[in-house]
Amino acid sequence: LAELADTLSLATGGLRSMSDNDAQQNLQRSIDYCEQLTSAFPSVPEYQALLATSYRKVGRLLRARKDFAGAEANFNFAQQRLDTLVSRYPSQTYHRIALIVTLIDLGDVQRARGDIDGPAALAASRETLENAIARFGGEQNVARDPFMARFMSSLYHSLASTLRSMGDDTA
């Protein structure tokens, strides 16, 4: 079941021939399988991480369709799962990076909502990204780990885009 959920989740990102509807169906099946796995084996972090990844991918699919509210809800769910994993397994770089990527996605969709919802959505994007930078930017291993530094750079880039959307031309 875990391998099938993983395959369904991974396949949606790499197959250009797959329609959005097929991708969403595969991701929903992956989520369903992961929910079963996390219920049966709640102490297995890999199942929680796979569930969060599937929700993040649904969020990206919905963001591409301009369903910003749906995307944000999926990113929030992924964030909650990953926050738990980062708290429980602080030495696992994968969980921290997956959370950073999710927070970037969340900040980006909040910024996109700014065109519709106005300044409140932009302020939410700024808060999401600034909090992520404060949380992960001070880690000592960022300076030693180019992989982690790359994701932190993406956080700063996303924040700069939000600040420009808010009218800050110095960002």
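What pattern does the chain follow when read along the sequence? I read it off as α-α-α-α-α-α-α-α.

**Entry 1: ground rules.** I am working with a predicted model, where local features need pLDDT of at least 70, side-chain atom pairs count only at pLDDT 80 or more, and totals for chains, interfaces and linings use all residues. Residues are numbered from 1 along each chain as its sequence is written, and side-chain values use heavy atoms, leaving out hydrogens and water.

**Entry 2: the whole chain.** I found eight helices and zero strands (DSSP runs numbered from the N terminus: H or I with at least four residues for helices, E with at least two for strands). Of the 171 residues, 47% are buried (under 20% relative accessible area, with a 1.4 Å probe and protein chains only). I also looked up the accessible surface, about 8,900 Å², with 50% belonging to carbon and sulfur atoms (Shrake-Rupley method, 1.4 Å probe).

**Entry 3: a helix pair.** Next I picked helix H5 (residues 93-117) and helix H8 (residues 146-165), whose axes come within 10 Å and cross at roughly 10 degrees (axes are lines fitted to C-alpha atoms over the stretch in contact, and angles run from 0 to 180 degrees between N-to-C directions). That makes H5 roughly parallel to H8 (angles under 35 degrees).

Which residues make the contact? On H5 I noted Ile97, Ile100 and Asp108 among them, and on H8 the list includes Phe147, Met152 and Ser158 (contact means heavy atoms within 4.5 Å). By class, the H5 contact with H8 has nine nonpolar, five polar and three charged residues (Ala, Val, Leu, Ile, Met, Phe, Trp, Tyr, Cys and Pro count as nonpolar, Asp, Glu, Lys and Arg as charged, the others as polar).

Methods. Parallel < 35°, antiparallel > 145°, perpendicular 65-115°, else oblique. Buried < 20%, exposed > 50% of the residue type's maximum accessible area, 1.4 Å probe, protein only.
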